[in-house]
Amino acid sequence: GQMFGVEIPRTSEAQFAAGVPVSGSQVRPGDLVFPSSAGRPPGHVQVYLGGGQVLEAPSSGQTVKVSALSSGAEFRRFHS
């Protein structure tokens, strides 16, 4: 959020509600990714890196890692 001068809500549920929906064909690095496996409202969020990859912290206490983008994800944008 600091890079783009925007406020991003703290929880994944609030981020999902506040972000601007983006289609999979228009997703860009920095967009938030809500995998379908996270449920609705989502309990998990990732950051799109580009090239079909996301950055995520799988669960509390685990190391942040790069993973493949899963099918069926929804995307939200907080920057222009």
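Which residue in β6 is the bridge partner of L32? In the predicted model described here, that partner is R76. The model is a prediction, in which local features need pLDDT of at least 70 and side-chain atom pairs count only at pLDDT 80 or more, whereas totals for chains, interfaces and linings use all residues. Residues are numbered from 1 along each chain as its sequence is written, and side-chain values use heavy atoms, with hydrogens and water left out.

Secondary structure follows DSSP runs, with helices (H or I) of at least four residues and strands (E) of at least two, numbered from the N terminus. Two strands are taken to pair if DSSP finds at least two bridges between them. On this basis, six strands make up an open sheet with antiparallel pairing, in the order β1-β6-β2-β3-β4-β5. Strands β1 (20–22) and β5 stand at the edges with a single partner strand each, so one side of each has no neighbour in the sheet. From one strand to the next, the twist averages 40°; axes are lines fitted to C-alpha atoms (for helices, over the stretch in contact), and angles run from 0 to 180 degrees between N-to-C directions.

Strand β6 (residues 74–77) pairs with β1 in the antiparallel sense over three bridges, and R76 in β6 is the bridge partner of P21. Strand β6 is also joined to β2 by three bridges, again in the antiparallel sense. Strand β2 (residues 32–34) pairs in turn with strand β3 (residues 46–50) through two bridges, and this pairing is antiparallel. Within β3, V47 stands opposite L32, while Q46 stands opposite V33.

Strand β3 continues the sheet to strand β4 (residues 53–56), with which it pairs in the antiparallel sense over three bridges. Here V47 stands opposite L55 in β4. The two strands form a hairpin with two residues between them, and G51 in the turn has a positive phi of about 60°. Most residues other than glycine have a negative phi, and most peptide bonds are trans. A cis peptide bond, with omega of about 0°, joins R40 and P41.

S67 counts as buried because its relative accessibility is 14%, the classes being buried under 20% relative accessible area, exposed over 50% and partly exposed in between (1.4 Å probe, protein chains only). The side chain of S67 makes a polar contact of 2.6 Å with the side chain of E56. Such a contact is a pair of N or O atoms within 3.5 Å; within protein, one must be able to donate a hydrogen and the other to accept it, and residues adjacent in sequence count only if both atoms are side-chain atoms. Leaving out residues up to four places away in sequence, S67 touches G52, Q53, V54 and E56, contact being defined as heavy atoms within 4.5 Å.

A pair of aromatic rings is described by the distance of the centres and the angle of the planes. Rings of Phe, Tyr and Trp (its six-membered ring) pair if their centres lie within 6.5 Å, with planes under 30 degrees apart counted as stacked, over 60 as edge-to-face and the rest as tilted. By this rule there is one aromatic pair. It is formed by F16 and F34 in an edge-to-face arrangement, at 5.1 Å centre to centre and 80° between the planes. The pair links distant parts of the chain, as F16 belongs to helix α1 (residues 12–18) and F34 to strand β2, 18 residues apart. F34 is buried because its relative accessibility is 0%, and F16 is likewise buried at 17%.

The surroundings of F16 also include R76, whose charged end sits over the ring of F16 at 4.0 Å from its centre. This assignment requires NZ of Lys or CZ of Arg within 6 Å of the ring centre and within 35 degrees of the ring normal. P41, found in the loop between β2 and β3, is 25 residues from F16 in sequence and 7.7 Å from it in space, C-alpha to C-alpha. P41 is partly exposed, with a relative accessible area of 48%. Helix α1 also holds S12, which is buried at a relative accessible area of 14%. Apart from neighbours within four places in sequence, S12 is in contact with F34, P42, G43, H44 and V45.
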